[in-house]
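Visitor: Please walk me through this model, one question at a time. I would like to know which terms you use and where their limits lie.

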Amino acid sequence: MTPQGEELDRIGDLGEGEFRILCRKARLHCSKVDPDRTGKDFVVEFQLAKPGGFVSLDRRPPPTQIVVQVKTILAKNCTARLSLSVAERLAKDTRPAAVAILRIDEQDEIVDLHLVHLIDGPLGRILKALRQASKLDTPRLHERTISFKLDPSDRVQRKAPDVYAAFAEFAGGGMLAYAAEKRRQLEELGFEPDRYKMKFSLPHAPDDIAESLG
């Protein structure tokens with residue numbers, strides 16, 4: 001039976017509490033987004049690089065930030081669902097975005113943690129779903145969902161070094177390079193495999209065409 005109402009809120013609170021503790025143990029800043037109106041539960045932030053060497057402080061790179069939506073599901077389940085309205089906000093943020101999926105058993109013990117990084121394939125799936133919804137007269141994104149199936153490659157051991165390393169990989173090249181790559185993916189992903197880009201040449205100069213249309 002899928003948790004509903006107060007029970008859903010209860011296990012959600014347990015999952016968020018576990019996530020916050022894991023971040024604290026990993027010495028990562030974990031700021032709660034409250035009220036939750038933007039599809040983001042937490043912003044996880046690394047420390048600024050220590051000053052030193054020949055780098056001026058004004059040239060110090062920005063700290064890595066990851067926006068996270070936490071989903072807590074029953075241990076017997078292997079799929080988490082997001083509303084498309086939440087997925088869109090996560091996808092369109094040029095910072096790294098992730099869905100942290102925690103599974104909980106009947107004794108309220110957290111079983112495991114999966115971090116789904118919304119880039120490449122997962123980002124493309126969201127963009128494709130949004131394009132399909134845009135064809136409807138009333139998309140109602142808050143009523144439509146997208147699911148993420150747990151994959152062994154997304155599983156992260158619930159130990160401080162593993163949590164730190166998993167988040168550090170998200171933007172290993174730095175926030176500025178990450179934002180540029182994500183903007184590129186937002187333009188290119190989510191289309192059908194047979195999408196084509198077409199180029200054509202005009203037989204006349206632009207002035208001749210403008211004159212003929214005058």
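Guide: Let's begin with a term: a salt bridge is a side-chain nitrogen of Lys or Arg within 4 Å of a carboxyl oxygen of Asp or Glu. This is a predicted model, in which local features need pLDDT of at least 70 and side-chain atom pairs count only at pLDDT 80 or more, while totals for chains, interfaces and linings use all residues. Numbering runs from 1 along each chain as its sequence is written, and side-chain values use heavy atoms, without hydrogens and water.

Visitor: Which residue links with E7 and R10 in a network of salt bridges?

Guide: Side chains of opposite charge can pair when their charged atoms come close. By the rule above, the count comes to 12 salt bridges. In one network of them, E7 and R10 are joined by D108.

Visitor: How many residues apart in sequence are the parts that K32 and E16 tie together?

Guide: The side chains of K32 and E16 form a salt bridge at 2.9 Å, N to O. Helices and strands here are DSSP runs numbered from the N terminus (helices H or I, at least four residues; strands E, at least two). K32 sits in strand β1 (residues 29–32) and E16 in helix α1 (residues 5–25), so the parts tied together are apart in sequence by 16 residues.

Visitor: Is D112 buried or exposed?

Guide: Buried means under 20% relative accessible area, exposed over 50%, and partly exposed in between, with a 1.4 Å probe and protein chains only. R103, whose side chain meets that of D112 in a salt bridge of 2.7 Å, N to O, has 17% and counts as buried. D112 has a relative accessibility of 2%, so D112 is buried.

Visitor: What separates E88 and K92 along helix α2?

Guide: E88 and K92 form a salt bridge, with their closest N and O atoms 3.2 Å apart. E88 is partly exposed at 25%, and K92 is partly exposed at 44%. Because they are four residues apart in helix α2 (residues 84–92), the separation is about one helical turn.

Visitor: How are α3 and α5 oriented to each other?

Guide: Axes are lines fitted to C-alpha atoms, for helices over the stretch in contact, and angles run from 0 to 180 degrees between N-to-C directions. Helix α3 (residues 121–133) and helix α5 (residues 175–188) have axes that come within 9 Å and cross at roughly 40 degrees. Angles under 35 degrees count as roughly parallel, over 145 as roughly antiparallel, 65 to 115 as roughly perpendicular and the rest as oblique. The pair α3 and α5 is therefore oblique.

Visitor: Which residues of α5 meet L123, L127 and R131 in α3?

Guide: Contact means heavy atoms within 4.5 Å. By that rule, L123, L127 and R131 of α3 meet four residues of α5, namely K182, Q185, L186 and E187.

Visitor: What is the phi of R27?

Guide: R27 lies in the loop between α1 and β1 and is exposed, with a relative accessible area of 68%. Although R27 is not a glycine, its phi is positive, at about 60 degrees.

Visitor: Where is R140 found?

Guide: R140 also is not a glycine, yet has a positive phi of about 45 degrees. At 46% relative accessibility R140 counts as partly exposed. Its place is the loop between α3 and β7 (145–149).
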